[in-house]
Every structure is written in C-alpha cells, then in structure tokens.
Amino acid sequence: MECSNVGLLVFFVLIFFVVTTKTQSINGEKASIYVREEEDMELERQLKILNKKPITTISTKYGDTIDCIDIYKQPAFDHPLLKNHKIQMVPSTILEETTSQNIPSSIFWDSKLDNGFQNERCPQGTVPIRRTKKEDLLNAQYLLQKTYPMQTNSYTLSPVNHHFVSVEEFNEGKTYFGSAAEISVHGFALNDNQFSTAQIWIQNGPTEKINSIEFGWMTYPALFGDNRSRTFGYWTSDGHQQTGCFNVLCPGFVQVNKDLFLGAKINHVSVYGEDPWLLDFKVHRDQETGNWWLTTDRVIGYWPKEIFTHLANNASIIRYGGVAGAKPQTPTPPMGNGYLPQLQDYSKTAFMSSMKYVNEKGQTVNINPDRIQTKYDTTLNCYNILFAGNIGGEWEISMAYGGPGGMCS
C-alpha cells in the first residue's frame, strides 16, 4: 500500500512537472512573440518618423531611393530638443580653405561627390533624404554593438569586434571648436559583416557620457547595400547608450544642401602606387549659433547645439584615424588602403594631411606636433599608425595609417 502511494505520488509529480514545463514553454513562446511584435512596432514607428512624405522621389543609379523632403519637415525636427529649433541655412562664417590651388603635381584634388542622381534633382525648398529600411536600422544598431550582443528577442545581433588606430592632440585644458584634414580615399570588397572607416572624432565629456561627432568616409555593405566608399557622419550625446546614430537614421542632423547628402558615394578611390585621391573633411562650431557644421567640398548640414550636453560649447579632444570591425571569431577587414603604413611613398599608403583644428576665433590652425599621442586597440601586424609631423608644403601636419586586418583579437 505504501509503495502504491509512493508510486502514485511520483506519477502526479511527473504529470505536474510536464504540465508546468509545457505551460512555461507556451507562456515563454507567447512572451517572445509579444516582445517580437513590440520591437517590430517600435521599428515601424521609427520608420514613419524617418521616412517623411516626399515632394518627389528619385531612384539613383546606385540603387538608393532618395526622398526630396520639405526642408522644414525633415526628420531632424522630430528630435524632442529641436521642436523650437530655428533652421540655419548657411554658416555665419565660412572657414578659409585648408588647401590652396598650388597642390603638388603628384596629387589630384577631387571636388565632386556623386549622389547618383541622373536627370532629376530635388526641387528648391527640399533636401535629399536617403529612404530608410528596417534592415538599415538593424544593421546600424549592429555596428554599434562593441562588447555584448544586442538585447532583443526577435533580432539577435552578435557583438562586433572593433579595432582602431588614432592620433590625438593632448593638451589638458585646451578647447577646440572644430577639426579638419585632407583624407586619402580607398576602396574595398567587404562582406556584410565587415566595415572600415577613415574618420575624425570631435569629443567632450566623461567616457560613460561622452559627446562625440565622427565623420569621414566608410565602406559598410550592410548599411549602404554595396561596397562603395561613402561619406558618413555619426553623433552621440551619452556615450552611445541611448542617443545618436549614423547619418540621418535618427532625428538630429539637419540637412541644408539640396544636392548632397550623408551617404553620398565618393567619385574616385586611390589606386596603390598611383596619384592618390583626396577629399577634404571638416566640422566647425558656428560662432553665433553653436551648431556644428559639416563640410566636404560643399556644406552639407549641421548637428544642432541643442542635442549635445558637453559639446554644446566646445570640444576637449580631436582625433584622426580609422576603425575596422567584424563579427567575433571572423577576420576583420582592411583599413586605410589595406597595407601597413609607411612614410616614404604616399602613393602606397593611406594618409591624412593638413591636420588642423578650429580655435575660438574660428580660424583653422595646425595641430601641435609636439603634443600628439598615438593610440590603438589592435595588434600592430593588423593595423598601425605613424605620425609624420609637419613635412612642409601643402602637406603640413600628416600621418599614415591602416593595415590588412585579419584575426586581430
């Protein structure tokens, strides 16, 4: 009788365990579906904000869909801090050029970015905004995951191994109001899980709440849908935690140019051993409004002062270099021109020249070669950076950087 009761008890315990486990499994699956639906709804909400009703739409020869949006109704003004922002059409002051017409014969100056437009242009009063897809938002989030997987039940995004090399002017207590350099442009054939940049950082604030503007050129197939070298801009006001994005994948950057946009293809790339192609990049803080203006060969737009805390008044750090990344346990891609840097022949290395900062008077000034620090987070057989100092002529302050990548952890 006792054995029978024990057996019966075990039987009911097993039944209870099976039913409970199955119920938990069903409830867990329902919860997962609910979270997935919530995340899909949030992505759709973001897409509605970013993809405004266009005045007209242009399909470019590179496969981009460009919406011509009323300049006053562009996505930037959905940022909660920009509800009362008064758009600034042009900078209050135009910085003097950091280059002259007397460029050495070994250098060609490429003055054009290619937006891919053919016979159409956005009409007056509108600005070109690259239409955002759900995959663009997901891939942009993936790019920012540096140390841990993205916490989501519907879209599991692995962390990204980031490697960087950079030089920065270290001058404690000094303030900066912009940065500029001529950057050699190169091209790669990367896969969707890889990206490579040549960029400048303008930053202020503690690491956990750092304000950062980053800009230059990048190759990132998952973000742009191809292997072309394109312009990019990025911002954050809280150390990449809740704010910021690439280009216009969130409200923030104000576009004013009706022909050029962030993400435009760069017309030419350098060929190893031949005359390099350069593109001038600069960001400066407007002395009257405090907005941070981005200029390549033409003014593109600005990051408003209101979206920043520590960068609202000035920057404390300016950096120049590159970043490359890929999924863990996979090779990281080339950086620069794909070769380790050298200073003997600039046709065979990736480089930046005319490295300058903007002072409190709005003047572009050479960075101090005696106050330069080299920083990197990689193995030096993968990527490296060499500071050349002031080599004279139109080159002025220069450095070389890059490498082949590989298994670099």
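**Notebook: disulfides, a sheet, cores and rings**

I began with Cys382 and Cys408, which a disulfide joins at an S to S distance of 2.1 Å; a disulfide here is a pair of cysteine sulfur atoms within 2.5 Å. The link of Cys382 and Cys408 is left-handed, with -100 degrees about the S-S bond. This pair connects distant parts of the chain, 26 residues apart: Cys382 is in the loop between β20 (372-376) and β21 (384-390), and Cys408 is in the segment after β22 (397-402). I note that strands (E, at least two residues) and helices (H or I, at least four) are DSSP runs, numbered from the N terminus. Both Cys382 and Cys408 are buried. Buried means under 20% relative accessible area, exposed over 50%, and partly exposed in between, with a 1.4 Å probe and protein chains only.

**Basis of the entries**

The model is predicted, so local features need pLDDT of at least 70 and side-chain atom pairs count only at pLDDT 80 or more, while totals for chains, interfaces and linings use all residues. Residues are numbered from 1 along each chain as its sequence is written, and side-chain values use heavy atoms, with hydrogens and water left out.

**Other disulfides**

I looked up how many disulfides the structure holds, and the number is three. One of them is formed by Cys68 and Cys122, with sulfur atoms 2.1 Å apart. Its ends are 54 residues apart in distant parts of the chain, Cys68 in strand β2 and Cys122 in the loop between β4 (113-114) and β5. Cys68 and Cys122 are both buried. The Cys68 and Cys122 link is left-handed, at -80 degrees about the S-S bond.

Cys245 and Cys250 are also joined by a disulfide, S to S 2.2 Å. That link is left-handed too, with -80 degrees about the S-S bond. Cys245 has a relative accessible area of 8% and is therefore buried. Cys250 is at 16% relative accessibility, so Cys250 counts as buried. With the bonded cysteines numbered in sequence order, I read the pairing as 1-2, 3-4, 5-6.

**A sheet of three strands**

I next traced an open sheet of three strands, which run in the order β1-β2-β5 with antiparallel pairing. Two strands pair if DSSP finds at least two bridges between them. Which strands stand at the edges? They are β1 (56-59) and β5 (126-130); each has a single partner strand, so one side of each is left without a neighbour in the sheet. Neighbouring strands of this sheet are turned by 30 degrees against each other on average, direction ignored. The axes behind that angle are lines fitted to C-alpha atoms, for helices over the stretch in contact, and angles run from 0 to 180 degrees between N-to-C directions. β1 pairs with β2 (residues 65-70) over four bridges in the antiparallel sense.

**Nonpolar cores**

A nonpolar core is a set of buried Ala, Val, Leu, Ile, Met, Phe, Trp, Tyr and Cys residues joined through side-chain atoms within 4.5 Å. The largest has 79 residues, and those with the most contacts inside it include Ile183, Trp292 and Tyr401. Strand β8 (residues 195-204) gives the most to this core, with five residues. I also found a second, separate core of six residues, among them Ile66, Phe117, Cys122 and Phe261.

**Aromatic rings**

My search of the whole structure gave 13 aromatic pairs. Rings of Phe, Tyr and Trp (its six-membered ring) pair if their centres lie within 6.5 Å; planes under 30 degrees apart count as stacked, over 60 as edge-to-face and the rest as tilted. Phe195 and Tyr220 have ring centres 5.7 Å apart and planes at 75 degrees, so this pair is edge-to-face. Phe195 lies in strand β8 and Tyr220 in the loop between β9 (211-219) and α3 (221-224), so the pair ties together parts 25 residues apart in sequence. Phe195 and Tyr220 are both buried.

Trp235 and Phe308 are another edge-to-face pair, 6.0 Å centre to centre with 85 degrees between the planes. Trp235 is in strand β10 (residues 230-236) and Phe308 in the loop between β16 (299-303) and β17 (317-326), so this pair ties together parts 73 residues apart in sequence. Ring pairs also link Phe232, Tyr234 and Phe246 into a cluster.

Last, I looked up Arg319. Its charged end sits over the ring of Phe164, 5.0 Å from the centre. Arg319 also lies over the face of Trp201, at 3.9 Å from the ring centre. A charge sits over a ring if NZ of Lys or CZ of Arg is within 6 Å of the ring centre and within 35 degrees of the ring normal.
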